[in-house]
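Subject: Structure for your review

Dear colleague,

Please find below the structure that I am handing over to you.

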Protein chains: 2
Amino acid sequence: MGAKFGKVAIVGMGLMGGSLGRALLKSKAAKEVTGIGRNEKKLAFALKSGAATEVTTDYEAGFLDADIIVFGVPVRDIPGLFRKNYGFMGSRSVVTDMGSVKETIVSEIEKIEKGSGIDRNIFVGSHPMVGSEKTGIANSSAGLYEGGTCIVTPTSRTDKKKEAYVRSFWESVGMKAVTMTPAAHDEKISGISHLPHLLAFLLSNMEAPAIRKNSVIIGRGFKDMTRIGASNEKIWSGIFLENKKAITGDIDRTIAELEKIRKIIRASDENKLKKYIRNARKLRESLNK
Amino acid sequence: MGAKFGKVAIVGMGLMGGSLGRALLKSKAAKEVTGIGRNEKKLAFALKSGAATEVTTDYEAGFLDADIIVFGVPVRDIPGLFRKNYGFMGSRSVVTDMGSVKETIVSEIEKIEKGSGIDRNIFVGSHPMVGSEKTGIANSSAGLYEGGTCIVTPTSRTDKKKEAYVRSFWESVGMKAVTMTPAAHDEKISGISHLPHLLAFLLSNMEAPAIRKNSVIIGRGFKDMTRIGASNEKIWSGIFLENKKAITGDIDRTIAELEKIRKIIRASDENKLKKYIRNARKLRESLNK
């Protein structure tokens, strides 16, 4: 069987972009992967280590004849890079991204397309729900996407064929593709991904003295709860700021929930407390490991 | 080399008690382990599966000639069982526990000893900082204690020899023993263990609709953050209620911290937000996996 995709151009060869290149080449889903970035050393490493068949700092050359262009950079960098390089994207290329926030990104990009003079309508937003607290091409792996879920976020103007194409692209690296509006994505992902990250950052910062002085008494529970708190500050500050409405709403909900538990504990209401914990236990047990 | 301990009596043959029995027998640190409990089926399983050399529902027989008696039951059950069976404890036995809260437990037990007519002063509080969200003898394992830290919490009246004996007991199953006052223990452990558990319970309950409807989009981060939220409700309601002052104080601190982050996000203060996340990342990176 021939490759499903001829040429895939990936902007940003970090953990996400590098892993995507490896996955596409390993599974032979793509014939060529062009890695685009600024740092020549990192690009050379990507090429040498099998994450790309070609690397370049030149967007025009990189985008030429690409079947699909994937932005794998921090969310806040996506619209600017899209705008700057829109002229180099051909009408037959389909463009997607890997950003963890969708509403602001998708709407900014659609504005750029519509305001560009030649509206090619080539963009379909994506959020492959995989990752790591580690960053960089050195930590990338061909298996990162395998078994994960990718949320594709079409809007009313999205070309249905391009949407299907993007879904099949993520499926080609072993992902399950699901569809949501950008707004539904942001609201849901805020609670199940952005809020947990925020709580992990918060817990590490709150317990800084214990971490510094008493690391011997820090157990597995604390480590599990803060592991994702070792995530990158550029990526995560961008996510929180781009998803400001949903995440501040989730902070409000969290404060209300903490006040509720505090009231139960203060009242020594053992039955209510047991019920609260039992409910949490059963919910967690319903998820796999 | 002969066994370090002749007879060890363990009250409660669940995950903690069962694992302790296995560890003591496997390492040959103890010659005999008597498992004491109410449920004959579970006791029979403990005996058959090598977590004890003898089992009984009779505290008097179980405590007879014990070098060390260990309470491995939920914190709120410890003082009551201690009081009820104090008459069966010999003066040469040393008594300890595995409760996750120390100040209320230790002071209640010292009150029982002092008020008993014959104050044997045989108790030294312990908190082996290991465990699992799983419970029960079926999940017990000989390796649970290996490499963990045990906090021993002597008070002004604690017998120094008995304290050293209890430390050496935990060391015999591969733990590092550290010493703290009961109050210092409760305050520190509230932040690094009780609060993380509370946040895990909270996160599962807050995201109940997402867990029920959208489990396909729930990723590794959320699962890591809620794993300890599958912990037992009897054990954890007891811990929160016995450590009420410290945990409600930590809830207050958490709310204040959430308000602080919310303010930074609302103000779109990217530099402050990056600094906050960078600080959390570096703290977490300073811990091992």
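The notes that follow cover conventions, symmetry, the interface, and selected elements.

This is a predicted model, in which local features need pLDDT of at least 70 and side-chain atom pairs count only at pLDDT 80 or more, while totals for chains, interfaces and linings use all residues. Residues are numbered from 1 along each chain as its sequence is written, chains are lettered from A and ligands numbered from 1 in the order in which they are written, and side-chain values use heavy atoms, with hydrogens and water left out.

Symmetry. Chain A is superposed on chain B by a rotation of 180 degrees with 0.0 Å of shift along its axis, at an RMSD of 0.0 Å (least squares on the C-alpha atoms of residues with pLDDT of at least 70 in both copies). The two copies are therefore related as by a two-fold rotation axis. Within chain A, Met225(A) has the C-alpha nearest the axis, 2.4 Å from it.

Interface. In contact (heavy atoms within 4.5 Å) are 88 residues of chain A and 88 residues of chain B. Because 100% of the interface residues of chain A are also interface residues in chain B, the copies meet through the same surface. The buried area between the chains is about 8200 Å², with 69% of it given by carbon and sulfur atoms; this is the accessible area (1.4 Å probe) that two parts lose on being put together, summed over both.

Salt bridges. The rule (a side-chain nitrogen of Lys or Arg within 4 Å of a carboxyl oxygen of Asp or Glu) finds 43 salt bridges over all chains and 16 across the interface of chain A and chain B. One salt bridge joins Arg253(B) to Glu207(A), at 2.8 Å from N to O. Another joins Glu270(B) to Arg76(A), at 3.3 Å from N to O. That pair crosses between chains, from helix α12 (residues 270–285) of chain B to the loop between β4 (68–71) and α4 (78–85) of chain A.

Helices (H or I, at least four residues) and strands (E, at least two) are DSSP runs, numbered from the N terminus. In chain A, strands β7 (residues 149–153) and β8 (residues 176–179) run parallel and are joined by four bridges; strands pair if DSSP finds at least two bridges between them. Ile151(A) stands opposite Val178(A) in β8(A).

Yours sincerely
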